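Work through the exercises below with the model open in your viewer. Try each task before you read its solution.

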Amino acid sequence: MDLATLSLSPNDRVLHYPCGDGALCRQIAALVPLGVVIGLDSDDNVRAARVASRDVDNVMFVPCDGHEIPWKEDVFSHVIVGNQDLPLREIVRVLAEGGRAFLESGEIIATKEHPTTAAGLKVLR
């Protein structure tokens with residue numbers, strides 16, 4: 001993924017699913033030194049990513065079943081998904097106002113706009 005596509009700021013909060021070994025999360029963490037990167041994946045991948053990332057302070061890995069994001073609403077400035085297993089409603093639920101969701105290819109799949117509709121969101125796909 002071309003990380004320039006994300007237009008990251010130092011304090012952004014980024015969610016990545018599935019994170020695999022955490023390599024992309026570590027790359028992003030270096031670009032958001034005042035922010036945080038959360039990687040979601042299966043238990044085995046999360047364990048491996050934690051080991052590989054033990055020296056990175058602003059990255060965390062959490063098990064996820066791929067059906068529900070274990071996080072509260074309106075948190076992340078960016079959500080990156082490697083596949084379309086994760087329901088779009090879950091992706092939009094955790095996006096903060098002004099947040100954007102991407103496929104790993106760099107394609108934007110959803111944004112959460114300033115409230116202009118009752119739900120305040122725009123699904124692009």
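## Exercise 1: Asp74

Asp74 is partly exposed, because its relative accessible area is 46%. Here buried means under 20% relative accessible area, exposed over 50%, and partly exposed in between, with a 1.4 Å probe and protein chains only. The model is predicted: local features need pLDDT of at least 70, side-chain atom pairs count only at pLDDT 80 or more, and totals for chains, interfaces and linings use all residues. Residues are numbered from 1 along each chain as its sequence is written, and side-chain values use heavy atoms, with hydrogens and water left out.

**Task.** Find where Asp74 sits, describe its backbone, and find its salt-bridge partner.

**Solution.**
1. Asp74 is found in the loop between β3 (59–63) and β4 (76–81). Helices (H or I, at least four residues) and strands (E, at least two) are DSSP runs, numbered from the N terminus.
2. Phi of Asp74 is near 60°, a positive value in a residue other than glycine.
3. Asp74 forms a salt bridge with Lys112, with the closest N and O atoms 2.6 Å apart. A salt bridge is a side-chain nitrogen of Lys or Arg within 4 Å of a carboxyl oxygen of Asp or Glu.
4. Lys112 lies in the loop between β6 and β7 (122–123) and Asp74 in the loop between β3 and β4, so the pair ties together parts 38 residues apart in sequence.
5. Lys112 is buried, with a relative accessible area of 10%.

## Exercise 2: The other salt bridges

**Task.** How many salt bridges does a search of the whole structure find? Examine the pair Asp44 and Arg47, then the pair Arg93 and Glu73.

**Solution.**
1. The search of the whole structure gives 4 salt bridges.
2. Asp44 and Arg47 meet through their side chains at 2.5 Å, N to O.
3. These two are separated by about one helical turn, because they are 3 residues apart in helix α2 (residues 43–52). An α-helix has 3.6 residues a turn, so residues three or four places apart point the same way.
4. Asp44 is exposed, at 55% relative accessible area. Arg47 is partly exposed, at 47%.
5. The side chains of Arg93 and Glu73 meet at 3.5 Å, N to O. This pair links distant parts of the chain: Arg93 is in helix α3, Glu73 in the loop between β3 and β4, 20 residues apart.
6. Arg93 counts as buried at 19% relative accessibility. Glu73 is partly exposed at 45%.
7. Glu73, Glu90 and Arg93 are linked in a network of salt bridges.

## Exercise 3: Strand pairing around β5

**Task.** Which strands pair with β5, parallel or antiparallel?

**Solution.**
1. β4 and β5 (residues 95–103) run parallel, joined by 5 bridges. Two strands pair if DSSP finds at least two bridges between them.
2. His78 has Arg100 in β5 as its bridge partner.
3. From β4 the chain crosses through helix α3 (residues 88–94) to β5, and this β-α-β crossover is right-handed. That is, with the strands pointing away from the viewer, the path from the first strand over the helix to the second runs clockwise.
4. β5 and β6 (residues 108–111) run antiparallel, joined by 3 bridges. Phe102 stands opposite Ile108 in β6.
5. The hairpin of β5 and β6 has 4 residues between the strands, and Gly106 in this hairpin takes a positive phi near 100°.

## Exercise 4: Helix α1 and the cores

**Task.** Which residues of α1 are buried, and what do they pack against? Then inspect the largest nonpolar core.

**Solution.**
1. Leu24, Cys25, Ile28 and Ala29 are buried in α1. They lie on the same side of α1, because they cover an arc of only 140° around the axis. The arc is that of the directions from the helix axis to the C-beta atoms.
2. The buried residues of α1 pack against β1, β2 (36–41), β3 and β4. Contact means heavy atoms within 4.5 Å.
3. The largest nonpolar core has 20 residues; among those touching the most other members are Leu15, Phe76 and Ile91. Such a core is a set of buried Ala, Val, Leu, Ile, Met, Phe, Trp, Tyr and Cys residues joined through side-chain atoms within 4.5 Å.
4. β1, β2, β4, α3, β5 and β6 each supply at least two residues of this core.
5. Another core, of 16 residues, lies apart from it and includes Cys25, Ile28, Ala29 and Phe102.
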